Amino acid sequence: MLRRTLAALVTLGAGALAVTAPAFAALAHPIAVPKLKVVTSTTDLDDIARAVGGDRVSSVHISEGYQDPHFVEAKPSFILQLRRADVFAFVGLDLEIGWMSLLVDGSRNPKVRPGGSGYLDVSRAIPVIDVARGNVDRSQGDVHPLGNPHYWLDPENGKRIAALFRDKFSELDPAGAPTYARNAQAFVARLDAAARGWAPQLAQIKGKPAVAWHTSWKYFAEYTGMNIVGFMEPKPGVPPSPAHLAGLVQTMKRTGAKVIVMEPFYDRKMADFVASKTSARVLILPPSVGGAKGVGDYIALMRYDIAQLANTLQLATAQR
Ligand SMILES: [Zn+2]
């Protein structure tokens, strides 16, 4: 009997030791502070948050890189993530209008609700293009009356996003400020080094006429010098009409545009139809991290899209 009690005590003791061990480890290593918990709306913001946050931050994203970011299914599981989050970073300009308030309100977490310390509208760090003048009106179908939200496809904006994360993380975790500054600087250095690598491809792209499905490629065009002469959509978010496509075919013939750039989630058949009338090529490009095989981080995304576009333009020119 006594022996059995003793054995139980020993077991208990071992259990107690196991429980307290991490606490001792934390004392011995003062770096092991609780991580800043970040939720982002997109994979691109997630990747940059990880680059800047390093070991001090844990980050998860809501939409996947292969999904249409305008129409994300708001899974209730994300409410739980937001409930525990210190930061909720989103693209803004109403890109997430369809689902965001549902999740953010549902989280009942004052930190990530409007006005909270962790409510991070990333578009505030960006020089936004396509801001509608006059009345903001969705009735004509334009899904982006507040301005074009697809700004992450310009690496200069990637740097601005990194700087914003650096500042926000430093505000919420001042002890980590030197780490965040160092990480943000390293991210910019990696991006600049990558850009030196793709400079010859940018030279091939510069000034070349092209068509895009959606205005999502405008910031990308600003950076690469691709000359967008028309869009498959008559207005952002409005599906192509036969009359619009007939006009687009004329524009492509006039300008010599030989490539149609589009995301994987739009209707390729329509692009193929326009391409068949203009002997152009349809180029499917991922708009976000995770949107294609091998596109595992932000720099890889930019490298991939630039290389694919340069390649396709070269093939289209050779074919003429
Ligand atoms: Zn859009």
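Buried means under 20% relative accessible area. Phe187, at 1% relative accessibility, therefore counts as buried. The model discussed here is predicted.

## Overall make-up

The chain has 320 residues, and buried residues make up 47% of them. Its secondary structure comes to ten helices and eight strands. Contacts between residues at least 6 apart in sequence were sorted by separation: 62% of them join residues at least 24 apart.

## The nonpolar cores

The largest nonpolar core holds 57 residues. Seven of them touch the most other members: Ile161, Phe165, Phe169, Trp198, Trp217, Met226 and Leu309. Helix α6 (residues 177-205) gives this core its largest share, nine residues. The core also draws on two domains, with at least three residues from each of domain 1 (36-191) and domain 2 (198-319). A second core is separate and has 16 residues, including Val211, Leu245, Leu248 and Ala257.

Which residues does Phe169 touch, leaving out those up to four places away in sequence? The list is Leu36, Val38, Ala49, Val52, Gly53, Val57, Val87 and Tyr180.

## Aromatic pairs

A search of the whole structure finds ten aromatic pairs. Two of them are set out below.

| Pair | Centre distance | Plane angle | Class |
|---|---|---|---|
| Phe165 and Phe169 | 5.4 Å | 20° | stacked |
| Phe187 and Tyr298 | 6.1 Å | 40° | tilted |

Why is the pair of Phe165 and Phe169 classed as stacked? Planes under 30 degrees apart count as stacked, and the planes of these two rings stand at 20°, so the pair qualifies. Both residues lie in helix α5 (residues 155-172). They are four residues apart, about one turn of the helix. Phe165 is buried, with a relative accessible area of 0%. Phe169 is also buried, with a value of 0%.

The rings of Phe187 and Tyr298 have their planes at 40°, so this pair is tilted. Phe187 sits in helix α6, while Tyr298 belongs to helix α10 (residues 298-319). The pair therefore ties together parts that are 111 residues apart in sequence. Tyr298 counts as buried at 0% relative accessibility, and Phe187 counts as buried at 1%.

Elsewhere, ring pairs link Phe88, Phe90 and Tyr119 into a cluster.

Strand β7 covers residues 259-262. Val259 and Val261 point one way from the strand, and Ile260 and Met262 point the other way. All four are buried. In a regular strand the side chains alternate between the two faces of the sheet.

Two strands pair with β7. Strand β5 (residues 209-212) is joined to β7 by two bridges, and these strands run parallel. Strand β8 (residues 281-284) is joined to β7 by four bridges, again with a parallel run. Where do these pairings meet Val261? Val261 is the bridge partner of Ala212, and Val261 also stands opposite Leu283 in β8.

## Tyr223

Tyr223 lies in helix α7 (residues 218-224). Tyr223 and Pro155 are 68 residues apart along the chain, yet their C-alpha atoms are separated by 7.6 Å. Pro155 is one of the residues that Tyr223 touches.

Two aspartates have a positive phi. For Asp94, phi is near 70°, in a residue other than glycine. Asp94 lies in the loop between β3 (87-90) and α4 (100-107). Its relative accessible area is 28%, so Asp94 is partly exposed.

Asp130 has a positive phi of about 60° although it is not a glycine. Asp130 is placed in the loop between β4 (119-121) and α5. Is Asp130 buried or partly exposed? At 31% relative accessibility, Asp130 counts as partly exposed.

Key: Residues numbered from 1 in each chain as written. Predicted model: local features only at pLDDT ≥ 70, side-chain atom pairs only at ≥ 80, totals over all residues. Heavy atoms only, no water. Core = buried A, V, L, I, M, F, W, Y, C linked by side-chain atoms within 4.5 Å. Buried < 20%, exposed > 50% of the residue type's maximum accessible area, 1.4 Å probe, protein only. Domains from an automatic or database assignment. Contact = heavy atoms within 4.5 Å. Phe/Tyr/Trp six-rings, centres within 6.5 Å; stacked < 30°, edge-to-face > 60°. Pairing = 2+ DSSP bridges.
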